[in-house]
Amino acid sequence: MKKLNTLIIILLISICNTKAQIISERAYMLCNYSCKSVSDTSRRDSTTKEVASLEIGKSGSYYYSINHKNHEKAMLDFKNNHAGERRKPGESLKMILAMGTPMKVYKNHKESSIVYFDKIALSYYTFEEEMPTFDWIIQPDTMTVLNQICQKATCYFRGRSYEAWFSQAIAVSEGPWKFNGLPGLILKIKDSRNDYVFDAIEIKKIDYDIPTETPIAQKVSKEKFLSIYKYFLTDPMMGVDIKKINPNIKLSNTALPWNPLELTDK
Amino acid sequence: MKRIFCLFFCVSFCFKVYSQSSFSGIITDDKQQVIQGVSIRVYELHTNILQAFAISNGKGLYRVNKPILQDSVKLLVSMMGYTSQQRVVHRSAIEQHFSLTPQAIELKEVIVKNPPLTQRHDTLSYDIKKFANSADRNLGDVLKKLPGVEVEQNGTVKYNGEAINKYYTQGKDLFEGKYKIANDNFRWQDVERVEVLENHQPIKLLTDIKPSTQAGLNVIFKESVKAKWIRKLEGGLGKNTDNFLYDNTLNIIRIGASTQSFSILKSNNVGTDLSASTASLTIDQLLDGGGSSYSILQKNNRSLSSILGLNQPALDKRFFLFNQSHYLTSKNLWTLRKIYDTVLNIEFLKDKQQNEGFNENRYFLGKDTLNIREQQANYLAVNQLEATLSVVANQPKYYFSNKFFFKTSWQYAEGSILNNSGNKTQTIVQQNQFDTQWVSNELKMLKKNAHNHILELRAWGYYLNSPQTLNAINEKQQITSQDIRLQKSFAQAYTNFILNKKVKLNVKAGIEYANQQLKSSLMGFPSSKLVSDSSLLSTNQSLSYTRAFAETGYGIASERFKFNLSLPLSFLYWQELNKSHFYGEPKVMMSYLFSSKWSSNVNYSYNYTIAEINEFSQAFILLNYRNIERNNAQLPENQRHAANWSLNFKDVVSFWFFNTRVGINEFQSNLVSVQQNDGIYLSQTKIASVNSNQSLTLSSDLSKYIYEIKTKFTLSAFKQSQQSVRLLSDNQLANIQNGFYGLSFGVNSKFLKWLQTSLDIKTVRSQNKIRTDKLDTFTEAKKIELTFQNDFIISNRLTFGIEATNYLIENPNNRSQNYWFLDGSSTYHFKKKDIEISLYARNLTNEKSFQTISFMDNSSTITDFNLRPQQLLLKCGFKF
C-alpha cells in the first residue's frame, strides 16, 4: 500500500511540470560520440552502445543521445500518423532496443551551471547544479583521435578515475556529458574500469540554435532526483504487483543493476 | 642562533613564494568585453611541452594554479572564433592580460570520420580494411599500401626507411623473424589492424634502458577468427610450352592469445621461390656482441667451393625461376604458466632449380683485358631441415630465453659450361656437394632487483660441420677436384650488471672460446704456372682462440634524448700461433626527438673482426673451376669504422613520412689481394699490406598518403660509392671505384571504387672505374624500370588484373636492351561456399631472355638469363 502511495505521489508530481532555465544561443560546432556503457557490473561483456551529440555554442553546450532523439521522433510520428493502429510484431521491441539514454545535459559556462534532464519510468525530471570542477592532471602521453593529435589528462571525479584525450587544436573547453575544463575538446574519455567509454566519431561545423525546447519535466533537487532514481532501480514496477493485474505477463519485480556515472557525491 | 633560524625561515619562505609563481589575468575581446571559456596554456619554452593550463571564467578571469619552475615560458591563449595569441614571459611577470580579436571559426566541414591511422604514444594502428580491396590476395599486398610502410622484394618490411626488428601476431613472436611466409599466407580479411611499435625494444625489461630506433610490427586479428582454425586449400594446374604446371598450398592456422599454430604445405613449379620463406628478415640488435647464432649461420651458408653460375637478374623470380619446390613448415606457440612462450618451429625445404644462359666476363688485369664468354646450363638441388625450440618469458622485471636451433642441409649443384676466350673453347662439367650440420643453443636471463638494477647472464655456443666437394671435368675427362671439410665450434658466456639510475651504468665481463678446423685438398688444377708449389695444394689447419672481454657502458634515456656509450675491451689469444692481441671496440649512439614529428639518430662504432679459418687457408682453394685463392700465411685482421646519421619525419595526421640517411664506412685490413692469371685461370693470393676500403651511402625516402583519394606517393633516392685497392699482375696497384645511383617514384591509388592502380618508375646507374699507372677504365650501365599495374574491381566477387613492366637497359658497349613483360589475372569468389577461382597468365609477351650487368672489383659481367616461357595457370581455393 505504501509503495502504491509513493507511485501515486510520483505520478502527481510529474503532472505539475516546470521548465528549467537553459542558455539560448547559436551552436557553431557539433561533435558526435560513440558511447559504450556497462549497466550491470556482474555482466561486463554485455554493453549498451549508442551515439550521442554535443552541440557547442560560445557560452554553453547541449549533450543528448541521438538514438533517443530518433526514438522520440518515431514515437511522435507513430502517434500522429498511425493513432489507434497496432504495431507490427517485433516493431515495439525494435523501438525499445533503439531508444537510447533519455538524459540531456545543458552546460552554461556564463552562469557556471548545468541543467540536467533524465527520465525515470515514464516521467522526465530536471535539476540544476553548479558546474563541477574537474582536477585534471596533464600527462605526457599523446594519441590521435579523428586525425587530431590529442594529449592525455587524468582526473578523479565522483567515484571514478577518468582518462581523457583532448585536442589542443580545437580550443574549446568542452566534452561529453558533464566533462569540461580542459584546454581543448575532449575526443575520447573512459573510466578506469571501462564501464563508460566515449569516443568522438565525427566533428562538424554547424550554424543553428541550441534547442531550448526541453521535455516537460518536474524540477527537483539533485538529491531528490537520486533518491527517486535509486527507488526506481530497487523496484522498477514502483510497488505494483504486475502479476495481480495480469498473471500472464512474465515480468518480475527484481531490482535493476546500479552502475551510474556518478558513484559518489564528491 | 635565533638570527640564523629567522634567516633560514625567510629564505625558505622566499624560495617557496618564488617557486610557486604562476600567472593570472583577464581576457577580453577588442571591445573590452570579457570572454569566458578561453584556454590559457603554459608551455616549456624549448620543448613545447604543455606544463599547465587555465580556462577563463564568466568574468573573463583566469588563474594558472600550477607552480611554474622554468625561468621563462610560452603562454598560448586560444579560443574558437578568436585569433590565438602567444607570449614568451618570465615567471616573475605574474599578471598577464590578453585582448583577442574575433575571427571566423575555421574548422573543416567534417574533420575525418574514423581515420585509417591512429597513434597512441609509440604505437601506430592501421585499420586494414580501409586500405584493402578485393584485388588484394594476402596481408603482404595490403602492407605495401600503408603510409610509411614499405615491403621489399625479399619480404623485408620497413617502417620509415628502416627494417622492423620484430613481427608479432597478437603480441607473440611466433615467426622469430621468418615472417615472409606469414605475410604471404594471412588473409587480410581476417586481420583487424596492424600496429607499428615505434622505437621498439623487444626485451620489456630494457625499455628506457637500451633504446632502439627500429620499429616492431604487431598483427591483430579479428575477434571472429581469434583462437579458431582457419583452413584453406588451394590447388593450381597450368601449362607452358614445355611442361604441365602445379601450384598447391594447404594452410592450417590458429591464432589465439595463449596458443598459436601456423602450418603450411606448399608445392609449385611456377617460379615461386619458396627458399625465401626460410630466411630470417629481422636483425638481432640486442647489442649482444658476437651476433646471434642465426646471423653466424647465414655467413657460413655458402659453399667455399661452388660451381660457377649465372648472376641472377634483378627481376621478380617468377619470370626466371625454373623450379620444383616443396616446403613444409609447422610453427606452434604455447604460453605456459602464463609467462613462458614456448615456440616449436619445424621446416623442411626440397628445392630444385635450373637455369640457362651465358656470362660475358671482362677482367682488367693490368697489362691487358681478359674476356671470357661462358654458355651455361646449371642445376641445383637443396634439401634442408630446420628445427627451433624456444622458451621466452618477457616480463617487466624478468626476462628468460633459451633457444635451441638445429639445421641440416644437403645441397647438390651441377653445371655444364662451354667457355670461349680468345680462340679457345672448352667444355666443363662442374659438380658440387655442400652439406651443413649445425646445432646451437642460446640462453639469456635478465632480472631486475628491488632497486631496479639489472643482472644479465648469457651463455651460447654452436657447432658447425660442413663437408664440401667440387669436381670440374673437361672434355678430355681431366678432373680438377677440391675436397673441403670445415668444422667450427664456439662457446661464450658473460655477465652484465646494469645500474639503473638516471645515468645508466653497465659493467660486463665474459669469456669466449672458438676452435676452427679446415682440411682442404686440391687435385688436378690445369694451370701449373699458378700452382707451381705442390705443398700449396692441401692443408690441415686448426685455428683456436680464447677471448676475455670486459665492458663499461653509460646510457641516458629521457623522453627526448637518448644516449648510449659502450667501451668494450678484449684480450685475444691465438693458441696455435701463440699470438695475442688487445683491442677496444667503442660504440656510441645518440637519438634526439625534436618534436612529435622530427627526430634524429647518430651512431658510431668500431669493430674488430676476429679471423675465420676460411680466410686463412694457406693452401689454394678452388673457388670455382677457374679461380683459386689462398692466404700467404698472414692472420687476417679486419677493422671497421662505421658512422651513420639519420633524420626522420612523420606526421600521422597528414600522412607524411620522410627519412634521410648518411652512412660512412671504412674497412681496414692487413691483407691485399694479388691477382695473377694464366689464360682463363685466375689466382688470388692475400699478402701482408695495409689495405683500406671506403664506402659512402646516402639515401632518402619520402612517402605521402592522401586519404581523400586513397593514394600513396613514394619517392626514393640513393647514392652508394665504394673505393678499394687491389694488386693486379706485375704488382700494379689498382684503385677501384664503384658507384650506384638510384631514383624511384611510385603511386598506388584506389581513387575510383572499381580501379586499383599502381605505377612505379625506377632508374639505376652503375659505374666502375679502375685506375693504375697503365690503365684508366670507366664502365657505366643504366637501367630504367617501369611497372604499371591495374586491378579492375568489377564487384566484390570478380576482379581482373593486368601488370605491364618495361625495362630499358643500356650496357657499357652501348647495346640497348628493351624488354616488355605482360601478366594478367582474374579472380572470382563464390561467396556462399567461400570458393575462389583464379586464372593467371604470365609473360604474355613471351620474352625469351634478360640481360644485366654487374661489377665486382676489377671485373664486369654481362649475364644473359633465359626466362620462363608464356604460362597459364588455373587456381581454385576454398576454406574448409
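1. Starting with a hairpin: β25(B) is joined to β26(B) through 3 residues. Strand β25 covers residues 479-499 of chain B, and β26 covers residues 503-523 of chain B, with 19 bridges linking the two in antiparallel fashion. One bridge to look up is T495(B), whose partner in β26(B) is A509(B). On terms, strands here are DSSP runs of E with at least two residues, numbered from the N terminus, and two strands pair if DSSP finds at least two bridges between them.

2. Before going on, a word on the model and its bookkeeping. It's a predicted model, where local features need pLDDT of at least 70 and side-chain atom pairs count only at pLDDT 80 or more, while totals for chains, interfaces and linings use all residues. Residues are numbered from 1 along each chain as its sequence is written, chains are lettered from A and ligands numbered from 1 in the order in which they are written, and side-chain values use heavy atoms, leaving out hydrogens and water.

3. β25(B) also has a partner in β24 (residues 454-474) of chain B, antiparallel over 20 bridges. N471(B) bridges to S481(B) in β25(B). This pair is a hairpin too, with 4 residues between the strands, and Q477(B) in the turn takes a positive phi of about 65°.

4. On to the open sheets of chain B. One has 4 strands in the order β3-β2-β5-β6, with antiparallel pairing. β3 and β6 (85-90) sit at the edges with a single partner strand each, so one side of each has no neighbour in the sheet. Neighbouring strands here are turned by 20° against each other on average, direction ignored; the angles are taken between lines fitted to C-alpha atoms, on a scale from 0 to 180 degrees between N-to-C directions. Within this sheet, β2(B) pairs with β5 (residues 72-78) of chain B in the antiparallel sense over 6 bridges, and S39(B) has S78(B) as its bridge partner in β5(B).

5. Another open sheet has 3 strands, ordered β4-β1-β7 (chain B), and its pairing is mixed. What stands at its edges? β4 (61-63) and β7 (98-100) of chain B do, each with a single partner strand, so one side of each lacks a neighbour in the sheet. β1 (residues 24-29) and β4(B) are antiparallel over 3 bridges, with I26(B) bridging to L61(B).

6. Now the interface: 30 residues from chain B and 34 residues from chain A take part in the contact, meaning heavy atoms within 4.5 Å. The two chains bury about 3100 Å² between them, 58% of it on carbon and sulfur atoms; that is accessible area (1.4 Å probe) lost on putting the parts together, summed over both.

7. How many salt bridges are there between chain B and chain A? The count is 1, where the cut-off is a side-chain nitrogen of Lys or Arg within 4 Å of a carboxyl oxygen of Asp or Glu. R120(B) forms a salt bridge with E163(A), with the closest N and O atoms 3.6 Å apart. β2 (39-44), β3 (50-55) and β8 (117-120) of chain B each supply at least two residues of the side touching chain A, and β8(B) gives the largest share, 4 residues.

8. E163(A) has a salt bridge with K152(A) as well (3.8 Å, N to O). E163(A) lies in β9 (residues 160-167) of chain A and K152(A) in β8 (residues 148-157) of chain A, so this pair ties together parts 11 residues apart in sequence.
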